[in-house]
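Please keep the sequence and the model in view while reading.

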Amino acid sequence: MKLRFTTNANRRLSQIQDYYTDKGNPKKGRRIARQILDRAKELEDFPELGPEEASLKDLGKGHRSLLVGTLYKIIYLLAAPFIIITDIFDTRQDMDKMKP
């Protein structure tokens, strides 16, 4: 299966990287973005790697989630032949509060 990122997921990935750049550590931002992308790429071979996302179960679309370390979460859907990454966020706090 092939990965596809929604506009929202791409925006969130940029926000995470920009947050660290704004804090004076662009290298860390690039490293975290790379870790997130590498983890998402694992889904190409193992699309059901992540469990169903309990907080989105009510939607009935089969959202799944995958942790990246302990701080970031990837939300995705299986829609053969694609794995659609719908959101990426920092589990410590809402990224919308970190950057407009």
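Strand β1 and strand β4 (residues 82-90) pair in the parallel sense over four bridges. Helices (H or I, at least four residues) and strands (E, at least two) are DSSP runs, numbered from the N terminus; two strands pair if DSSP finds at least two bridges between them. Strands of a sheet pair through backbone hydrogen bonds, either parallel or antiparallel.

The model is predicted: local features need pLDDT of at least 70, side-chain atom pairs count only at pLDDT 80 or more, and totals for chains, interfaces and linings use all residues. Residues are numbered from 1 along each chain as its sequence is written, and side-chain values use heavy atoms, with hydrogens and water left out. The pLDDT is the predictor's confidence in each residue, from 0 to 100. The chain averages 91, and 92% of the residues score at least 70. Confidence is lowest in helix α3 (residues 95-98), with a mean of 48, and highest in β1, at 97.

**The sheet**

Four strands form an open sheet in the order β1-β4-β3-β2, with mixed pairing. Because β1 (2-5) and β2 (64-68) stand at the edges with a single partner strand each, one side of each is left without a neighbour in the sheet. Neighbouring strands are turned by 35 degrees against each other on average, direction ignored. Strands β3 and β4 run antiparallel and are joined by eight bridges; they form a hairpin with two residues between them.

| Residue | Opposite residue in β4 |
|---|---|
| Leu 3 | Ile 83 |
| Ala 79 | Phe 82 |

Pro 81 lies in the loop between β3 and β4. The peptide bond from Ala 80 to Pro 81 is cis, with omega near 10 degrees. In general, most peptide bonds are trans.

**The helices**

The axes of α1 and helix α2 (residues 26-41) come within 6 Å and cross at roughly 155 degrees. Axes are lines fitted to C-alpha atoms, for helices over the stretch in contact, and angles run from 0 to 180 degrees between N-to-C directions. Helix α1 is therefore roughly antiparallel to α2, a term used for angles over 145 degrees. Contact means heavy atoms within 4.5 Å. In α1, Leu 13, Ile 16, Gln 17, Tyr 20 and Thr 21 meet residues of α2, among them Pro 26, Ile 32, Ala 33, Ile 36 and Leu 37.

Definitions and conventions:
Angles under 35 degrees count as roughly parallel, over 145 as roughly antiparallel, 65 to 115 as roughly perpendicular and the rest as oblique.
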